[in-house]
Amino acid sequence: MTVGRTDPQAGPAHWAELDQDCVGLVRRARRYLDEIAPLIPAADRDGTLPVEVIPGLLDVGFVRGAIGVGDGGLGLSHLQTALLMEEAGRGWASLRTTANILTLVAELLSAAGSEEQKQRFLRPLLAGERMGWFAITEPEAGSDAASLTTLADRLPTGSYRLTGRKAYITNASYGDFGVVLATVDPGLGARGITAFLVEQETPGVRVVARRQLSVRAASCCDVVLNGVVIPAGNVLGDVGRGLSLAMRAVNAGRLNVSAGCTGIAQAALEAASSHAVSRTQFGKPIAGFQLVQQLIADIAVQTHAARQVYQAAARLLDRGGDARVECSMSKYFCSEAANQAATKAVQVLGAAGLMEGNVAERLFRDAREATIPEGTSQMQVLQIGRALLGVSAVR
Ligand SMILES: Cc1cc2nc3c(=O)[nH]c(=O)nc-3n(C[C@H](O)[C@H](O)[C@H](O)COP(=O)(O)OP(=O)(O)OC[C@H]3O[C@@H](n4cnc5c(N)ncnc54)[C@H](O)[C@@H]3O)c2cc1C
């Protein structure tokens, strides 16, 4: 049984099932996230990412962990990288989102980058010297990513000219390069989609940051590409293979979100529990009221179940399984569970839980994001349905 309170020596009860390497990893991550927690209120209020915290995140294993030793990473297991993401979700979901995108960019470079591209982009990213973003979504191409229209025109010189608009791109305003998916020939459908490495300073690139409800310390940006000329050497992987390259990283992305959501639910449990034992109404702590216990027990059950689901998917990936369906199930279950947990935590806190600066208010906003990127809940359901029934409900 791993549900329960934190032992000051051993750590939270759910760490008891982890081996010593994993416990050491999450302990270091938690220590660092606790250390930087005082930055949260101002960053969240102002909508700014304190980029100075990123090298420290890399040092405790974020991003580097997901990359093999041969490419300068730490070669952690899927379970270990997911455990880190749970800690980030518990500590500061904006950093979980940031780490997720940096990991995705690093994984794409590691999987498909040439040696020269790895030297220019991957090594500096893992060293905390460069920040990258990933752009597939467009104003008219969201869940149906294959319908993107950003055009990559091949010029007689062999270079490509990119024209289009990307939407909701995480941290593009802080990055200095991006992986942009564009089509070399709209007539080819998904088989025309190609990944390009775009240096941010290239003429024609314009980034417009937008205010958002959730994960406020990570930015959400439109990226306008107005005749951006990219050398042929900046094609990432093969021409026409951009979508399948991105889909290779999809499992890890979904797992990362799932684990981060479990962290949000865990933080909701901690906030609700500590409030319930300290808040007195009708002459006794509200923790003594059965209906408050119901709310807290529900949060605990959701958190516990979410943890089992994401860890099972991670272990399957570590055993070499495809785990596509399990990662979809995990993303679907954990993101919805985080929303329920955060909503119930606000209820336990009453009005205090709605006030800006209160942890429950931030968890509530941050949980709300989780059911949308990396495939909405509906898209996960359709993926699961297709795997179970052998029929696509999309096309
Ligand atoms: C905080 C945040 C960060 C993001 N970061 C990035 C990023 O870094 N890079 C990037 O490229 N993108 C990013 N995105 C975009 C994200 O990937 C898209 O929002 C997502 O793919 C959904 O697309 P959409 O928002 O256009 O919704 P739509 O696809 O328009 O969907 C709207 C609604 O319709 C439903 N729907 C759509 N199709 C179907 C169907 N066939 N059956 C049933 N229901 C359906 C959806 O589930 C949803 O409820 C980010 C989004 C958010 C919110």
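Which loop holds Val63? Val63 sits in the loop between helix H3 (54-59) and helix H4 (78-91). The model is predicted. The protein chain has twelve helices and twelve strands. Its radius of gyration is 21 Å, close to the 21 Å from the globule rule for 395 residues, so the chain is as compact as a globular protein of that length.

**Overall dimensions and surface**

- The C-alpha trace spans about 80 × 45 × 40 Å along its principal axes.
- Buried residues make up 54% of the 395 in the protein chain.
- Take the contacts between residues at least 6 apart in sequence: 72% of them join residues at least 24 apart.
- The accessible surface of the protein chain is about 17,100 Å². Carbon and sulfur atoms account for 54% of that surface.
- The protein chain carries 38 positive and 38 negative side chains. The centres of these two sets are 3 Å apart.

- Strand S7 covers residues 193-199, and seven of its seven residues are buried.
- In a regular strand, side chains alternate between the two faces of the sheet.
- Both faces of S7 are covered. One side presents Ile193, Ala195, Leu197 and Glu199, and the other presents Thr194, Phe196 and Val198.
- Strand S6 (residues 177-183) runs antiparallel to S7, and seven bridges join the two.
- Phe177 has Glu199 of S7 as its bridge partner. Glu199 is also among the buried residues of S7.
- Strand S10 (residues 235-236) pairs with S7 too, in the antiparallel sense, over two bridges.
- Ala195 has Leu236 of S10 as its bridge partner.

- Val63 has phi near 65°, a positive value in a residue other than glycine.
- Val63 is buried, with a relative accessible area of 4%. The cut-off for buried is under 20%.
- Phe282 has phi near 50°, again a positive value in a residue other than glycine.
- Phe282 lies in the loop between strand S11 (280-281) and strand S12 (284-285).
- Is Phe282 buried or exposed? Phe282 counts as exposed, at 80% relative accessibility. The cut-off for exposed is over 50%.

- Val53 is in the loop between helix H2 (40-46) and H3.
- Which residues does Val53 contact, leaving aside neighbours within four places in sequence? They are Tyr32, Ile36, Leu39 and Leu95.
- Leu33 is 20 residues from Val53 in sequence. Their C-alpha atoms are 9.4 Å apart in space.

**Helix H11, largely enclosed**

- Helix H11 spans residues 359-369. Eight of its eleven residues are buried, so the helix is largely enclosed by the rest of the structure.
- The buried residues of H11 include the charged side chains of Glu361, Arg362, Arg365, Asp366 and Glu369.
- Ala360, Leu363 and Ala367 of H11 are buried as well.
- What covers the buried residues of H11? The cover includes H2, H4, helix H5 (93-112), helix H8 (250-278) and helix H10 (324-349).
- An α-helix has 3.6 residues a turn, so residues three or four places apart point the same way.

How values were computed:
Residues numbered from 1 in each chain as written. Predicted model: local features only at pLDDT ≥ 70, side-chain atom pairs only at ≥ 80, totals over all residues. Heavy atoms only, no water. Helix = DSSP H or I, 4+ residues; strand = E, 2+ residues; numbered from the N terminus. Rg over C-alpha atoms; globule rule 2.2 N^0.38 Å. Buried < 20%, exposed > 50% of the residue type's maximum accessible area, 1.4 Å probe, protein only. Contact = heavy atoms within 4.5 Å. Areas by Shrake-Rupley, 256 points an atom, 1.4 Å probe, with all protein chains shown as cover. Charge placed at Lys NZ, Arg CZ, Asp CG, Glu CD. Pairing = 2+ DSSP bridges.
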